[in-house]
Amino acid sequence: MKKSITYLGILAILLAFSCKSKTTSQISFGGITERDKFGAVIGKPDTTDWRTDDVWSQQEKDLFTAKFAENAPRTDTMQIMFYTNPCHGKSVIYLQKKPNTKLSLRIVDRDYNVLMSMDDLKDMSSQINLSAIGVNDTVRMYYKFIDSKNNEFKGHGDIVLRLK
């Protein structure tokens, strides 16, 4: 009996050391670009948010299944604006782009869990309701513009949700 317990103990230790722990990084939020209900910036903007020249990690790229050319030169002005931020439920995504350019987005929590997904947005202005997410926390929107030549231009923006 004593030998069996010893062997089981050794086996348990070997199994514990042989299992690889799943390590995923968490998003570190450094700030937001606050905007009022008209889209005007209030406060100091976060200069890393709402751009179209991000370089993404593989974990960020994996949020999207469709992949397009990443290194094409920009041929038009593409801009995105999200307001109100902080968000109390319904907000607006406003795009400046050519009519045939579309936008795909993923809203994720700190652990990269997808909370909302939208593809092929073509309207210059779209209202989205984030109330269904149901969290009071900062989330991140990853987005990519896809132009008519299937080139993608990536970015992110942080959003503070105040839903309660």
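## Nonpolar cores

A nonpolar core is a set of buried Ala, Val, Leu, Ile, Met, Phe, Trp, Tyr and Cys residues joined through side-chain atoms within 4.5 Å. Buried here means under 20% relative accessible area, with exposed set at over 50% and partly exposed in between (1.4 Å probe, protein chains only). The structure above is a predicted model, in which local features need pLDDT of at least 70, side-chain atom pairs count only at pLDDT 80 or more, and totals for chains, interfaces and linings use all residues. Residues are numbered from 1 along each chain as its sequence is written, and side-chain values use heavy atoms, leaving out hydrogens and water.

With that settled, let's look inside. The largest nonpolar core has 22 residues, and Leu 130 and Met 141 have the most contacts inside it. At least two residues of this core come from each of β1 (79-83), β2 (90-96), β3 (102-108), β4 (114-121), β6 (138-146) and β7 (152-160). Strand β6 gives the largest share, four residues. Another core lies apart from it and has eight residues, including Ile 27, Leu 63, Tyr 112 and Tyr 142.

## The chain as a whole

The protein chain has two helices and seven strands, running α-α-β-β-β-β-β-β-β from the N terminus on. Helices (H or I, at least four residues) and strands (E, at least two) are DSSP runs, numbered from the N terminus. Of the 164 residues, 40% count as buried. Among contacts between residues at least 6 apart in sequence, 63% join residues at least 24 apart.

## Aromatic pairs

Six aromatic pairs turn up in the structure. Rings of Phe, Tyr and Trp (its six-membered ring) pair if their centres lie within 6.5 Å; planes under 30 degrees apart count as stacked, over 60 as edge-to-face and the rest as tilted. The rings of Trp 56 and Tyr 142 have centres 5.5 Å apart and planes at 85 degrees, so this pair is edge-to-face. The pair links distant parts of the chain, 86 residues apart: Trp 56 sits in the loop between α1 (2-18) and α2 (58-61), and Tyr 142 in strand β6. Both Trp 56 and Tyr 142 are buried.

Tyr 143 and Phe 145 also make an edge-to-face pair, at 6.3 Å centre to centre and 85 degrees between the planes. Tyr 143 is buried, its relative accessible area being 0%, and Phe 145 is buried with a value of 0%. Trp 50, Phe 82, Tyr 143 and Phe 145 form one aromatic cluster.

## Cavity and pocket

Rolling a probe the size of a water molecule over the atoms shows where empty space is left. On a 1 Å grid over the protein atoms alone, a cavity is a set of points where a 1.4 Å probe fits but cannot get out, and a pocket is an open set with protein on both sides within 12 Å along at least five of seven lines; lining residues have an atom within 4 Å of a point.

There is one cavity of 30 Å³ or more. The largest cavity holds about 40 Å³ of space, and Trp 56, Lys 61, Lys 67, Glu 70, Lys 144, Glu 152 and Lys 154 line it. The largest pocket has a volume of about 150 Å³, and its lining includes Thr 52, Asp 53, Glu 70, Arg 74, Glu 152 and Lys 154. A volume is the space filled by probe spheres set on the grid points, which are joined across faces, edges and corners.

Key
Contact = heavy atoms within 4.5 Å.
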